[in-house]
Amino acid sequence: METARILLRPWRECDSGALYKYASDPDVGPRAGWPPHKSEEESLAVIRRFFLNDHTWAIELKETGEPVGCIGYFPKGESNIEIGEQDAELGYWIAKPYWNRGICTEALRLLIAYCREEKGFQTLWSDFFVDNPASGRVMEKCGFRDTGRINWCSHLYLGGDRPVKIMVLEQELSAKTK
């Protein structure tokens, strides 16, 4: 999946150095619910344990060939929130030097299209810590709306102390069924 400036591609073990460079920043991980990485070895372990699957991708800048973020979806049973069998929860993060450049919005639009067209998910969900409103703005730009529901994700880093807003993007009805 790609745009003119980004590529969503599988993670590779050789990405551990780039992951550590960005995931060790104390302003990045806690906003997404995980602690800053303490070593390149820890980043490699994260790649092996969480990123090497068929639903998580590196956000690579085409101009540098470097992964600068991560995006993926969680099916029912892996989601942080209660979702249906035909639903998925989407999540992402981007390295601090690339904040406010529209990269997450581009990546999320690619993932939404993939989830709809390739995976056939009916309803897409996402959530963000209320103290990270920039993530919510990315979701809104991509058509998500606030459900009015708040969740606590105590299994996430600092998640028991910080509420998340739950967002939804429902499948639009076709003209024939409206």
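This is a dialogue about how the terms used for this predicted model follow from its values.

Mentor: Two ground rules. The model is predicted, so local features need pLDDT of at least 70, side-chain atom pairs count only at pLDDT 80 or more, and totals for chains, interfaces and linings use all residues. Residues are numbered from 1 along each chain as its sequence is written, and side-chain values use heavy atoms, with hydrogens and water left out.

Trainee: Why is α1 called roughly perpendicular to α3?

Mentor: Helix α1 (residues 16–23) and helix α3 (residues 40–51) pack at about 105°, with axes 8 Å apart. Angles under 35 degrees count as roughly parallel, over 145 as roughly antiparallel, 65 to 115 as roughly perpendicular and the rest as oblique. That makes α1 roughly perpendicular to α3. Axes are lines fitted to C-alpha atoms, for helices over the stretch in contact, and angles run from 0 to 180 degrees between N-to-C directions. The elements are DSSP runs numbered from the N terminus: helices are H or I with at least four residues, strands E with at least two.

Trainee: Which residues make the contact of α1 with α3?

Mentor: On α1, Ser16, Gly17, Leu19 and Tyr20; on α3, Glu40, Ser43, Leu44, Val46, Ile47 and Phe51. Contact means heavy atoms within 4.5 Å. The residues divide into 6 nonpolar, 3 polar and 1 charged.

Trainee: What makes β1 and β6 stand at the edges?

Mentor: The open sheet has 7 strands in the order β1-β2-β3-β4-β5-β7-β6, with mixed pairing. Two strands pair if DSSP finds at least two bridges between them. β1 (6–9) and β6 (145–152) each have a single partner strand, so one side of each has no neighbour in the sheet. The twist averages 30° from one strand to the next.

Trainee: How many bridges join β3 to β4, and how many join β4 to β5?

Mentor: β3 and β4 run antiparallel and are joined by 7 bridges. β4 and β5 run parallel, with 3 bridges. Strand β2 (residues 56–61) pairs with strand β3 (residues 66–75) in the antiparallel sense over 6 bridges.

Trainee: Which strands does helix α4 touch?

Mentor: Helix α4 (residues 103–117) packs on the sheet and touches β1, β2, β3, β4, β5 (123–129) and β7 (163–170). Its direction makes about 160° with that of β4. α1 lies across β3 and β4 (87–94), at about 85° to β3.

Trainee: What makes tryptophan 34 and tryptophan 93 an edge-to-face pair?

Mentor: Their rings are 5.4 Å centre to centre, with 65° between the planes. Rings of Phe, Tyr and Trp (its six-membered ring) pair if their centres lie within 6.5 Å; planes under 30 degrees apart count as stacked, over 60 as edge-to-face and the rest as tilted. Tryptophan 34 is in the loop between α2 (29–32) and α3, tryptophan 93 in strand β4, 59 residues apart.

Trainee: How do you know whether tryptophan 34 is buried or exposed?

Mentor: Buried means under 20% relative accessible area, exposed over 50%, partly exposed in between (1.4 Å probe, protein chains only). Tryptophan 34 has 18%, so it counts as buried. Tryptophan 93 is also buried, at 10%.

Trainee: What kind of aromatic pair do tyrosine 73 and phenylalanine 121 form?

Mentor: Edge-to-face, at 5.2 Å centre to centre and 65° between the planes. Tyrosine 73 is buried at 4%, and phenylalanine 121 is buried at 9%. Ring pairs link Trp57, Tyr73, Tyr114 and Phe121 into a cluster.

Trainee: Why is β4 called mostly covered?

Mentor: Of its 8 residues, 7 are buried.

Trainee: Where is asparagine 100, and is it buried or exposed?

Mentor: Asparagine 100 sits in the loop between β4 and α4. With a relative accessible area of 76%, asparagine 100 is exposed. It has a positive phi of about 60° although it is not a glycine. Most residues other than glycine have a negative phi.

Methods: Nonpolar A, V, L, I, M, F, W, Y, C, P; charged D, E, K, R; others polar.
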